[in-house]
Amino acid sequence: MTWSAAARGLHQPDNTAFTQQRLPAWQPLLSAGIALPLFFCAGLAFLGLGLGLYYSSNAIQELEHDYTGDAGAGSCAACAAQGQGRAPPPPCSCAWHFTLPELFPGPVYLYYELTGFYQNNRRYGVSRDDAQLSGLPGALRRPANECAPYQFSGGLPVAPCGAVANSLFNDTFSLWHQRRPGAPYVEVPLDRAAIAWWTDYHVKFRNPPLVNGSLALAFRGTAPPPNWRRPVYELSPDPNNTGFVNQDFVVWMRTAALPTFRKLYARIRQGNYSAGLPSGAYRVDIAYNYPVRAFGGHKLLVFSNISWMGGKNPFLGIAYLVVGSLCIVVGFVMLAVYIRFQDQDDDDNDDE
Amino acid sequence: MGRATTGEDLQDNKDTAFTWEVKANNAAYHQQFREKGFLCWRRRKYQTNGIHTAKYSIFSFLPLNLYEQFHRVSNLYFLLIVILQSIPEISTLPWITLFIPLLCLLLIRATRDLVDDIGRHRSDRIINNRPCQMLIGKSFKWRKWKDLCVGDVVCLTRDSIVPADLLLLASTEPSSLCYVETADIDGETSLKFRQALAVTHYELISAKTMAAFNGTVICEDPNSRMHQFVGSLEWKSKTYALDIGNLLLRGSKIRNTDACYGLVIYAGFDTKIMKNCGDIHLKRTKIDLFMNKLVVLIFLSTVVVSLLLSLGFWLQGREMKDKHHYVSISHGKGLFVESILIFWAFFILLSVMVPMAMFIISEFIYLGNSAFINWDLQMYYEPHDVPAKARSTSLNDYLGQVQYVFSDKTGTLTQNVMSFKKCCIGGRVYGPDNEDGTCPKENPYQWNEFADGKLSFFNEELLGIVRNKRDKVVQEFWRLLAICHTVMVQEKDNQLLYQAASPDEEALVTAARNFGYVFLSRTQNSITLVELGEERVYEVLALMDFNSDRKRMSVLVRTPEGSICLYTKGADTVIFERLYKRGVMEANTEKILSAFTEQTLRTLCLAYKEVEEHTYQQWQPRHEAASVQLQDRARALQQVYSDMEQGLQLLGVTAIEDKLQDGVPDTISSLKKGNMKVWVLTGDKQETAVNIGFACQLLTDNMLILEARDVNIILDSYGEQNKMVQTPKRSLRFQLQNEVAMVISGEFLDHLLVSLRKEPRAVIQSEVEDKAWQEMSAIRRFSMMWWSLGTSLSTRGSKGKRKQESPEARRERAFVELASRCQAVICCRVTPKQKALIVALVKKYQKAVTLAIGDGANDVNMIKSGWLGVGRGGADPRGPRSRSALPTAADIGVGLAGQEGMQAVQNSDYALGQFCFLQRLLLVHGRWSYLRICKFLRYFFYKTVASLVGQIWFAFYSGFSAQPLYEGWFLALFNLLYSTVPVLYIGLFEQDVSDAQSLKMPELYMAGQKNELFNYWVFSKAIAQGLFTSLVTFFLSMWIIRDTAGPNSLGDYQSFAVVVALSSLLSITIEVMLVVKYWTLLFLGTVLFSLGSYFILTYATQSLWAYRLVPKTFPFLYVLHNVLSKAPFLLVVLLNIAVNTLPILALRIFRHVLKKPRFREEVEAAPSEVSEEPLPQLRRESRIRRSSYAFSHREGYGNLITQGTSLRRPRGDNSDTNVPSGFLPDEVEEALPSTPREPRKISFLTARWPGQAVPGQLVVVC
């Protein structure tokens, strides 16, 4: 053979770990040494987490009231009956009275909850124009086709267009507190400033450029959605909270994943109420505008405080507890199995 | 005897139309003919010699390739989806979601096709541009192969390759002979001769006469029958018959002929070798087909699910439409129309479940695994600088499932090098002194001017004895080797060049030459030797042919001293019968013989006797009479020969080693351990094949070897039993009790196949007349029947069904069943087509994965088994059912880059340098590839289901409105990027055990054969696990968010989408980390990459920049950022992952722990029951000795020698009585190179052309 060690054939493959499939490798075997500690550690960690979650969730108080106005249920029943079959329903107001025997610790959040409302319906969900909402002047005049049938109204482009915006939740609430029986109701300040996602409020939703410093002029030549009573630039007197950047509007436009959803309405953290709601009688005045009875939905008002992990959520803690305990049980079973078969292995080795 | 050819004869009468007309030197004539082609386009009837195997040209690439790609249903489906997506009413996903993957898929495929086709273009160009001399005007000019046309006259010189099928017109050799080597066609390295018609040979003596030649050849249309040609030459108003003996086939090589002239009869694709090449058709692996089936399954289930969901919409829709006023469904359409739209919307939405990316990735995986094969240093054959090459990149996983290995012998198992290894003279063994392979320091044969350096045998003692001239037996031994043979000699550069019909003979004569008994030259009736420097001329009185009955060859010579000697060499059995005494020496020799055969050397016994003058005188007239006898001449001659060959004295034994390639026995034994059946298919004769079988441990002494006779008995008994409607299983049960091997011949097979072809009815009635098609349709039919009865010979077959089965089919079925139970099968004397047929038979009846390995062009058929493709065009009278019942041809062909040209390699799927690399190719690369593709598929289906089925669950909570659960970008990139690279890693790098362990434990290979790693069960498990993951991910997330509220609420659709997506992605990533058994930094890299790409791209598509650009396309502004910045979200994700992973992990651990003892029990139970009940008729005396005498079974030059046609230096008189009566002594003229014309036509030769003869008639001529 004329081939010396140094001579290399023209077609000789490279001798590298990669081409020869000899990469240094570790084979994670499912051995007792790895699996058992893994299960025990995971189990303990999950138990700990679960306990923490469970207790912090339990510590959260929640106060819920269905004000849909089913027959005989509170003062809203009249409003509900009044609005039956009329679109848009006439303005109506009702109230919800409740009493707190002790302090409802703060910060307290006020939510409204809708059930049976399919914000995640595809037709509904796509019926919006993000370009318009991001303040592009062109899109303001030419709403996207997805917005139909809420694209044009009387020849004018609808702003904000689409079904989502059109169905904006328009009940309003005010909270009154009566410290002592007989005492006058004092309005509890509701902080409605930062209820939307920061990024939504500051980035995603933008008003069109002002014309002569006026938002109204900027929206001139557009029509409000058919169900709205006010044009978009009059949603709030606060110039920072009106138009497309109105917080209620922004919150509403972040559509919910499931047909039952809560949306933040306000926070209670100002003045005397920064520590929570003191004991006493309360009244919520409700401007009952939003029709839900047509589709069998419900409207709820929820007071809740929060913990480090958010709102009340017993399920998460329980789930963690269950998973953690199962891990530990499985760990023990595994230990038993290992011990049993380890013995067998030894026996076999002895036989050999 | 005649039966064997019936198969071909049957066809001949029918489909041979003699419409092929070739006019010499008349190109214009041939160009005018047109045949009906596609539509109105008419192609030329007579093609030019250029071949064009490439599929595309520059202009046709794009449309053709796209057309081909969209032939794939999957591509069409995705195209449909993309089109559907553009309809706004039903568009549920952004257009990018499917368009980008489709584009990638098309691009990747097109690139691959392009690269492939460029390679084909290149090889076409090389072949088409080979030079050859062609008659133009009145002189020969160099032209390219592709310029040749039918009717051209071509001049070929020594060692040039025949460019087309030529009618030999004239040659420079005497008797217008032309020697060719057909190694590239049939793999035989021995020389063959072709002969021109006398009339052309003598008339066409110059370029001028050639130019004036205007004969017309009328012959059969181009066909694939390599050994048959019928035609006639009309010239000068006379007609001459032509047959295959006049034809030079494309691809053969001119040898030992200075120049020859031919007329192109068939060119280009019409040539026999090209006709034999068969269709190029796509081979697909079981897994590939299975994968397609599963994809169809998934597709169907998406359709069903879409239907159900739209039904749900329809049921809920009324309420939704009437009451949910805020949803803007209200414009115009009826509920039914809406439901249909929703169906399509779901159809699009769920189309992401149909794993398109799987096709892309599996292409990469196939490509990568092929690259690893190419890169493997341990499969690199350094001496020839040949790395292994995966030429087909789509069969890798098949390598891990092979059940049958069909191997060629010559050049594949053996090196096709015969070396003189040992000899035994007068009862003494002379082995090589240089056993350990070291060469003696100086050439021991220096004293001998004729010595040939090729001989590696050297024995100083023997040499001494020879040179001393002490021992008469030794002298006669070497003299015999120098005299008794049919080798032709030629002088070239003052060197003697021996040409033998078989390499064995050459080895023997060369050995004699080196030991001082140099065969110098021969004439018709004399042999000249140089014995230790002294030139001696022996007069040849008779040359007694070898044939397979006689198993010996003798030469009767008159020594220069005047005495008469008979030199005989032959198989031990026949020689020992004819010895005049059985003394100690003979007994010794017999022992030695056994020892030699044990070492699987090819032995040959040598004997001689001195013949009394009067004995000869008595015998000679009888011989003469017998040789002119008209009837029964062969038998008469045999009798005469036999009378002479009596009372011999044993000289010794030669032992020739048919050198095996390195590592062949090891390879075969480990293949056998891996539960692969190794079949050797060879054109060689039985004894040689069996000998090699023993040499490479395919056969062992304690095996029961079934031969054709035994097989017939078994099959007959099986048939009888069947008639009596007994359990057919019983008849074959004995197989299991013994190690059984089968040795059968091509003749036997032909017999089987004749019964196949004779099968009437359906086959004959069908209108398609192509023979190959008929063969195939017969097989198809039988395989259909076979399957209707089940694959095993079980009792399941009902009587009614059994009645439909013809006895032939039953016989064939039983044969395959029988053969498949044999540990080894050797088929000898099989033609290339038979090789392919055997492979096809096994494939059809056993549903097994087969691998064919060979190195010569004769193996091409087997490797490609391409003839199966022939039938595809024909209408199938039995409808599509029979077609679908058959697996498409899907063998693996492995070509060895060996000595027999590159034909095999060019047609193979894998090219190797050595046979022993097969071990690594199968056990390591094949197993890994299979493992990889299976794991890949399992995981891929899992992850697709795990992450994408959530969309279905979501439909229940979104009013069946086909709202996608995920962001469009996630869907678009999930299968393309986020989850791809680890999957790709599995497919490319996964190893469960290292290569060394794979080789050490061939048993591991069986998992692939049994389809264990991926089947419906595994698939359903993967789907179940995927469903579990998706359920957990979706419902856990949903339950958690249902009662969350607050600033951290993930109750909004976008957060929910991202949380579910993130949970799914992380869960499946953890799963891949658990699945992969081969953790490298690279794997870590792939995991990090895919997760990284998710985060980066998600951030990018959710960035303000993107949102500003097109708000509608990037609506998920900052969602992931918000999700990640809040602890509760992370807790949800963590919970999801834990619930997804831990139970599966626990299950795996338990299975892992519990499996170990069970496995051990299985191993212990493995030794199976062995009972003794061999069939009585199979019992026979044990084979003490295997004779594998060293002869070619083809006709050699015996006839030529006795007729003197090819001899240039005739000496002595012409008293040879072996010439048939037609050859009068005065016709046997001197044939000097200067006057190569000889006015004789040797009909004898052409009539008995071996290729035409029945295999059983093939006479071995020495």
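**Note on chain B, with one point on chain A**

1. Helix 5 (residues 96–128) and helix 12 (residues 356–375) of chain B pack with their axes 9 Å apart, at an angle of about 30°. That angle makes helix 5 of chain B roughly parallel to helix 12 of chain B, since angles under 35 degrees count as roughly parallel, over 145 as roughly antiparallel, 65 to 115 as roughly perpendicular and the rest as oblique. Axes here are lines fitted to C-alpha atoms, for helices over the stretch in contact, and angles run from 0 to 180 degrees between N-to-C directions. Helices (H or I, at least four residues) and strands (E, at least two) are DSSP runs, numbered from the N terminus.

2. This is a predicted model, in which local features need pLDDT of at least 70 and side-chain atom pairs count only at pLDDT 80 or more, while totals for chains, interfaces and linings use all residues. Residues are numbered from 1 along each chain as its sequence is written, chains are lettered from A and ligands numbered from 1 in the order in which they are written, and side-chain values use heavy atoms, with hydrogens and water left out.

3. The crossing of helix 5 and helix 12 of chain B is left-handed, the term for a near helix turned anticlockwise from the far one by less than a right angle; clockwise is right-handed. From helix 5 of chain B, Leu98(B), Pro101(B), Leu102(B), Cys104(B), Leu105(B), Ile108(B), Arg109(B) and Arg112(B) take part, and they meet Met356(B), Phe359(B), Ile360(B), Glu363(B), Phe364(B) and Leu367(B) of helix 12 of chain B. Contact means heavy atoms within 4.5 Å. The residues of this contact between helix 5 and helix 12 of chain B divide into 11 nonpolar, no polar and three charged. Ala, Val, Leu, Ile, Met, Phe, Trp, Tyr, Cys and Pro count as nonpolar, Asp, Glu, Lys and Arg as charged, and the others, Gly among them, as polar.

4. Arg938(B), Phe941(B), Tyr942(B), Val945(B) and Ala946(B) in helix 33 of chain B meet residues of helix 39 of chain B including Val1018(B), Phe1019(B), Ala1022(B), Ile1023(B) and Leu1027(B). The contact of helix 33 with helix 39 of chain B comprises nine nonpolar, four polar and one charged residue.

5. Over the whole of chain B there are 46 helices and 35 strands. Of its 1262 residues, 62% count as buried; buried means under 20% relative accessible area, exposed over 50%, partly exposed in between (1.4 Å probe, protein chains only). Among contacts in chain B with a separation of 6 or more, 77% are between residues 24 or more positions apart. Chain B exposes about 48100 Å², with carbon and sulfur atoms supplying 57% of it.

6. Leu971(B) lies in helix 35 of chain B and is buried, at a relative accessible area of 5%. Leaving aside neighbours within four places in sequence, Leu971(B) is in contact with Leu93(B), Thr97(B), Val352(B), Leu948(B), Gln951(B) and Tyr966(B). The C-alpha atoms of Leu971(B) and Ser74(B), 897 residues apart along the chain, are separated by 18 Å.

7. The loop between helix 34 (950–957) and helix 35 (968–978) of chain B holds Phe960(B), and Ala962(B) also lies in the loop between these helices. Phe960(B) has a positive phi of about 50° although it is not a glycine; for Ala962(B), likewise not a glycine, phi is positive at about 60°. Phe960(B) is buried at 11% relative accessible area, and Ala962(B) is buried at 1%.

8. Lys685(B), in the loop between strand 29 (677–681) and helix 21 (686–695) of chain B, is buried with a relative accessible area of 2%. Asn514(B), in helix 15 (residues 503–514) of chain B, counts as buried at 0% relative accessibility. Beyond neighbours within four places in sequence, Asn514(B) is in contact with Tyr445(B), Trp447(B), Asn448(B), Ala451(B), Asp452(B) and Leu455(B).

9. In chain A, the peptide bond from Ala159(A) to Pro160(A) is cis, with omega near -10°. Pro160(A) is in the loop between strand 6 (156–157) and helix 6 (163–166) of chain A.

Methods
Areas by Shrake-Rupley, 256 points an atom, 1.4 Å probe, with all protein chains shown as cover.
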